[in-house]
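Here is a short briefing for a first look. Please keep the sequence and the model side by side as you read.

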Amino acid sequence: QVQLVESGGGSVQAGGSLRLSCAASGYTYSSNCMGWFRQAPGKEREGVAAIYTGGGSTYYADSVKGRFTISQDNAKNTVYLQMNSLKPEDTAMYYCAAGKRNPLYGGSCLLFAADFGYWGQGTQVTVSS
């Protein structure tokens, strides 16, 4: 049974930082994709960052480029999301997801929710102004 367990959410003031963690179990972690998505109240789910666990290549939403960094520890089957320079508009429930590379885009790990078949329970991030 696949389990994705997120941690690290919380409340922070604008300009602050948080690091989210996602530990995967029961999943073939290597050579697949791990991603972070978020959903704010009343808004659609939005892809934030993705990483190819086999080689470490990453992909980011434009809204977080230069502020967020996705990384991984293969030995721990864990992916991280370092979030710096946080803004109030980053407030959302953040979800970790595990999935497959997209064959239509050269086998890349992108931010299409349909590519991710497993989801964590989410961790709340609140940024106050």
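The points below cover disulfides, salt bridges and the nonpolar core.

This is a predicted model, in which local features need pLDDT of at least 70 and side-chain atom pairs count only at pLDDT 80 or more, while totals for chains, interfaces and linings use all residues. Residues are numbered from 1 along each chain as its sequence is written, and side-chain values use heavy atoms, with hydrogens and water left out.

**Disulfides**

- The structure holds two disulfides (a disulfide is a pair of cysteine sulfur atoms within 2.5 Å).
- Cys 22 and Cys 96 form one of them, with sulfur atoms 2.0 Å apart.
- Cys 22 lies in strand β3 and Cys 96 in strand β9, so this pair ties together parts 74 residues apart in sequence. Strands (E, at least two residues) are DSSP runs, numbered from the N terminus.
- The Cys 22 and Cys 96 link is left-handed, with -75° about the S-S bond.
- Cys 22 is buried at 0% relative accessibility, and Cys 96 is buried at 0%. Buried means under 20% relative accessible area, exposed over 50%, and partly exposed in between (1.4 Å probe, protein chains only).
- Cys 33 and Cys 109 form a disulfide too, with sulfur atoms 2.0 Å apart.
- Cys 33 sits in strand β4 and Cys 109 in the loop between β9 and β10 (116-119), so the pair joins parts 76 residues apart in sequence.
- Counting bonded cysteines along the chain, the pattern is 1-3, 2-4.

**Salt bridges**

- A search of the whole structure finds four salt bridges (a side-chain nitrogen of Lys or Arg within 4 Å of a carboxyl oxygen of Asp or Glu).
- Arg 38 pairs with Glu 46 at 2.8 Å, N to O. Arg 38 is buried, at 6%, whereas Glu 46 is partly exposed, at 30%.
- Asp 90 also bridges to Arg 38, with the closest N and O atoms 2.9 Å apart. Asp 90 lies in the loop between β8 (78-83) and β9 (92-99) and Arg 38 in strand β4 (residues 33-39), so they tie together parts 52 residues apart in sequence.
- Arg 38, Glu 46, Arg 67 and Asp 90 are linked in a network of salt bridges.
- Lys 65 and Asp 62 form a salt bridge at 3.1 Å, and both are exposed.

**Nonpolar core**

- The largest nonpolar core has 37 residues; Met 34, Trp 36, Val 79, Leu 81, Met 83 and Tyr 94 touch the most other members. Such a core is a set of buried Ala, Val, Leu, Ile, Met, Phe, Trp, Tyr and Cys residues joined through side-chain atoms within 4.5 Å.
- Strands supplying at least two residues each include β3 (18-25), β4 and β11 (123-128).

Definitions and conventions:
Helices (H or I, at least four residues) and strands (E, at least two) are DSSP runs, numbered from the N terminus.
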